[in-house]
Amino acid sequence: MSISKFKFDKRIVLSFWILLIALIIAAPSLLPVFRLNLLGRYLSLSIVALGVDLIWGYTGLLSLGQGIFFALGGYCAAMYLQITSSSEFPNNIPEFFALYGVEKLPFFWEPFKSPVFTFFAIWIIPALVAGLIGFLVFRNRIKGVYFSILTQASLLVFFNFFNGQQKLINGTNGLKTDVTQLFGQMVGSESMQRIFFWITAILVIAAWFFAKWVVRGRFGNILIGIRDDEPRVRFTGYNPVIFKTIVFSIAGGLAGISGALYTVQSGIVSPQFMTVPFSIEMVIWVAVGGRGTLLGAILGAVFINYAKSLVSEALPASWMFIQGGLFILVVTALPEGVLGWIQGDGPRNLLQRFGLKRKIETYPSLEVNNKEGDNE
Amino acid sequence: MNNKDLLNLIDITVSFEGFLALNKLNLNLKKGELRAVIGPNGAGKTTFLDVITGKVKPTKGEVIFKGKSLVGRKEHKIARLGVGRKFQSPRIFENLTVQENLEISVSTPKSPLNLINKNIKDEQLNEIERLMKIVNLAQKVDSKAGSLSHGQKQWLEIAMLVGQKPDLMLVDEPVAGLTDEETDLTADLLKSLSGENTVVVIDHDMEFIRRLDSNVSVLNQGTVLCEGTMETIQKDQKVIDVYLGRPED
């Protein structure tokens with residue numbers, strides 16, 4: 001089984017790469033800027049989905065709070081853009097402060113004057129916050145559904161905090177980025193958006209390679225081991241707390257990058273990034289694309305979101321039903337997700353059902369074992 | 001207690017909300033010894049392993065392993081000190097291949113940095129090859145562990161246990177669900193492991209225990225009822241009462 005499956009995987013991966021690279025090269029000239037910008041946003045969402053796949057698909061940690069880290073990354077990017085573009089406003093601080101009578105920049109905005117600091121903050125701050133939350137939760141051996149509830153509760157705490165802090169970060173209105181300047185150009189301008197699209201495309205590929213590297217060898221196997229039988233991992237001499245903290249922190253960092261890219265392409269970051277449904281959607285992308293496949297996370301995020309925008313344009317208000325239906329379909333019919341189904345024997349079984357393909361005489365695993373010269 | 005002892009359990013009491021799973025249990029193991037532990041259901045056999053491996057903290061008493069106290073240490077720390085455990089039903093990583101399962105067991109150091117950065121060492125690969133030959137899984141290297149037969153899973157777990165190079169191996173019902181032939185092979189395997197390693201085997205199967213030809217401790221109601229060779233044990237009146245049934249009252 002391993003040999004034939006390996007080839008099959010390779011074919012999928014190769015065709016995906018060709019498709020992706022062709023898409024990325026062709027997109028800016030084929031798509032109108034509006035569509036290109038949407039594609040860029042959805043590609044940036046695929047980075048947070050990769051993180052969800054690492055923690056959920058591989059390690060079995062179902063986090064419903066990835067929106068926290070996504071929003072943190074977005075806020076870091078937006079704060080930098082707001083400060084650098086605030087020279088013409090009173091007190092040289094972002095415009096919204098005047099609305100609330102704030103005259104002095106809050107202290108935590110200061111470091112965001114530096115582009116270098118911001119560059120690192122976008123992924124390190126979410127990673128640290130995730131690492132801290134993760135460590136406390138994992139150390140106390142909270143797992144399964146309790147972990148999910150805890151992450152969702154944290155999400156609500158962050159949402160309410162950000163929503164209420166007008167004087168610090170403009171509260172519920174969020175921070176706009178499209179009218180800010182970056183390197184002398186308007187962030188919302190067409191040329192900038194094109195550049196952001198390229199950056200996003202490259203970072204998606206880089207994030208995929210990184211995630212692949214994380215799960216490649218023994219480290220990835222330990223993650224799978226933790227998912228399937230954590231006490232066994234412990235009795236083998238590994239400390240699952242450290243492994244889980246690391247991978248949760250990695251997912252947090254990826255979410256931060258994703259959030260920053262999404263913010264600059266959608267023109268605003270607001271507490272809406274930390275709503276409960278949005279974080280659940282992230283899980284749905286991965287579930288539909290295929291848990292534990294990485295590629296499935298990317299495809300799920302891009303295709304579901306593109307479908308969402310197309311459906312919403314044609315039939316407003318129907319998307320939630322379709323998305324819910326999709327999730328139910330996946331849970332009941334394709335528990336491995338679309339990519340997992342393709343990688344397994346899904347297509348062959350379907351063809352057989354319609355009599356289009358010869359049935360295998362025995363279980364596939366038996367046939368292959370015989371070929372391997374089993375001596376049982 | 002003396003210097004040659006690898007493990008001393010001193011007056012171990014484990015109370016689960018008033019129920020005494022272990023009651024002042026004392027047990028000493030010499031280095032290189034093979035010891036069988038038997039006892040009726042609920043005698044505390046598995047709790048006894050849980051206490052040594054750190055899964056359950058004793059209410060009272062002390063566990064001394066290689067001169068160090070194990071009480072209060074985390075499971076993974078105890079495992080690193082050299083206590084390996086095989087579970088009752090085979091606990092292997094079914095979604096990983098046989099090779100990957102064994103890689104997890106032989107890899108040292110067990111830090112994330114080592115695992116993510118470096119490739120497995122050549123001597124560890126050789127060790128895996130050796131283990132696979134011992135347990136007859138050489139042809140299954142790349143098969144998913146979940147596709148193995150029950151007996152092969154039991155053996156894979158034993159191989160993983162050996163791969164950890166523990167000083168003390170705790171083996172819980174290794175022959176449950178095995179054929180007679182597999183049972184005999186397992187007994188021989190465990191016997192060959194003792195001497196270099198210290199092995200504790202827990203089981204119900206009398207034939208299997210007899211074949212181990214080792215000292216036997218009989219547990220009953222959380223305490224050691226009697227210790228000795230199979231012959232002595234079988235003549236002991238208390239053991240006969242517990243095992244062969246008391247007159248019903």
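Chat about a predicted two-chain model

Biologist: How much of chain A is buried?
Modeller: Buried residues make up 44% of the 376 residues in chain A, where buried means that 20 or more other C-beta atoms, placed from the backbone, lie within 10 Å of the residue's own, exposed means 12 or fewer, and partly exposed is in between. This is a predicted model, in which local features need pLDDT of at least 70 and side-chain atom pairs count only at pLDDT 80 or more, while totals for chains, interfaces and linings use all residues. Residues are numbered from 1 along each chain as its sequence is written, and chains are lettered from A and ligands numbered from 1 in the order in which they are written.

Biologist: Which residues have the most contacts inside the largest nonpolar core?
Modeller: They are Ala49(A), Leu50(A) and Ala159(B), in a core of 167 residues; such a core is a set of buried Ala, Val, Leu, Ile, Met, Phe, Trp, Tyr and Cys residues joined through C-beta atoms within 7 Å. The largest share of this core, 14 residues, comes from helix H2 (residues 33-58) of chain A.

Biologist: And what does Ala49(A) touch?
Modeller: Leaving out residues up to four places away in sequence, Ala49(A) touches Met282(A), Trp285(A), Val286(A), Ala297(A), Ile298(A), Gly300(A) and Ala301(A), a contact being two residues whose C-beta atoms, placed from the backbone, lie within 7 Å.

Biologist: Switching to the interface, how many residues of each chain are in contact?
Modeller: On chain A there are 24 residues in contact with 25 residues of chain B. Helix H9 (218-235) and helix H10 (240-266) are the elements of chain A that give two or more residues to that side, and H9(A) provides the largest share, eleven residues. Helices are DSSP runs of H or I with at least four residues, strands are runs of E with at least two, and both are numbered from the N terminus.

Biologist: Is H10(A) enclosed or open, and why?
Modeller: H10(A) is largely enclosed by the rest of the structure, because 24 of its 27 residues are buried. From first C-alpha to last, H10(A) reaches 38 Å, close to the 39 Å expected at 1.5 Å a residue, the expected span being 1.5 Å times one less than the number of residues. Gly267(A), whose phi is positive, near 90 degrees, follows H10(A).

Biologist: What about Ala153(A), buried or exposed?
Modeller: Ala153(A) counts as exposed, because it has 12 C-beta neighbours inside 10 Å, and this residue lies in helix H6 (residues 145-164) of chain A.
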